[in-house]
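Here is a short report on one chain.

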Amino acid sequence: RFHEQVDLLKIDVDNGDCDFLREFLKAGHKPLLIHMEVLLGLVPPPFAVSQRYNPRVELGDVAESPFAHQHRGCSLAAMAS
């Protein structure tokens with residue numbers, strides 16, 4: 001647990017980003033600014049889509065197809081919920 005205010009929280013793990021955000025906020029942290037990638041092009045508001053964290057996914061798997069990265073992460077509505 002941090003003892004000071006977190007000004008900027010940047011999450012870019014390409015695997016369960018919303019899960020990390022949810023747990024960070026659930027722990028009581030209130031960052032002033034959150035920076036995350038959004039699946040806005042594929043999933044516009046009000047639809048909430050979030051890929052759960054999968055420990056078996058490796059970073060190299062993102063390169064398997066040009067669109068693979070678009071299916072990892074979460075939508076803007078999922079981040080806001």
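## Helix H1 and its packing

H1 is followed by Gly28, whose phi is positive, near 100°. Helices here are DSSP runs of H or I with at least four residues, strands are runs of E with at least two, and both are numbered from the N terminus. This is a predicted model: local features need pLDDT of at least 70, side-chain atom pairs count only at pLDDT 80 or more, and totals for chains, interfaces and linings use all residues. Residues are numbered from 1 along each chain as its sequence is written, and side-chain values use heavy atoms, with hydrogens and water left out.

Which residues of H1 are buried? They are Asp17, Cys18, Asp19, Leu21 and Phe24. Buried means under 20% relative accessible area, exposed means over 50%, and partly exposed lies in between (1.4 Å probe, protein chains only). The buried residues of H1 pack against E1, E2 and H2. Contact here means heavy atoms within 4.5 Å.

## The nonpolar core

The largest nonpolar core has 10 residues. Its members are Val6, Leu9, Ile11, Cys18, Leu21, Phe24, Met36, Cys74, Ala78 and Met79. Strand E1 (8-11), helix H1 (17-26) and helix H2 (76-80) each give two or more residues to this core. H1 supplies the largest share, 3 residues. A nonpolar core is a set of buried Ala, Val, Leu, Ile, Met, Phe, Trp, Tyr and Cys residues joined through side-chain atoms within 4.5 Å. In soluble globular proteins, nonpolar side chains tend to be buried together.

Ile11 is one of the core residues.

## The disulfide

How many disulfides does the model hold? The count comes to 1, taking a disulfide as a pair of cysteine sulfur atoms within 2.5 Å. It joins Cys18 to Cys74, with S to S at 2.0 Å. Cys18 lies in helix H1 and Cys74 in the loop between strand E2 (33-36) and H2, so the pair ties together parts that are 56 residues apart in sequence. The link of Cys18 and Cys74 is right-handed, with 85° about the S-S bond.

Are the two cysteines buried or exposed? Cys18 is buried, at a relative accessible area of 2%. Cys74 is buried too, at 1%.

## Salt bridges

The structure holds 3 salt bridges. A salt bridge is a side-chain nitrogen of Lys or Arg within 4 Å of a carboxyl oxygen of Asp or Glu. Side chains of opposite charge can pair when their charged atoms come close.

Asp19 lies in helix H1. Asp19 counts as buried because its relative accessible area is 9%. Asp19 forms a salt bridge with Arg22, the closest N and O atoms being 2.8 Å apart. The two are 3 residues apart in helix H1, which means a separation of about one helical turn. Arg22 is partly exposed, at 36%. Arg52 also forms a salt bridge with Asp19, and here the closest N and O atoms are 3.3 Å apart. Arg52 lies in the loop between E2 and H2 and Asp19 in helix H1, so this pair ties together parts that are 33 residues apart in sequence. Arg52 is exposed, at 58%. Leaving aside neighbours within four places in sequence, Asp19 is in contact with Gln51, Arg52 and Tyr53.

Glu23 and Lys26 meet in a salt bridge through their side chains (3.1 Å, N to O). Glu23 and Lys26 are 3 residues apart in helix H1, so about one helical turn separates them. Glu23 is partly exposed, at 46%, and Lys26 is exposed, at 61%. Salt bridges that share partners join Asp19, Arg22 and Arg52 into one network.

Where does Lys30 sit? Lys30 is in the loop between H1 and E2. Lys30 counts as exposed because its relative accessibility is 66%. Leaving aside neighbours within four places in sequence, Lys30 is in contact with Gln5 and Val6. Lys30 and Asp7 are 23 residues apart in sequence, and their C-alpha atoms are 8.4 Å apart in space.
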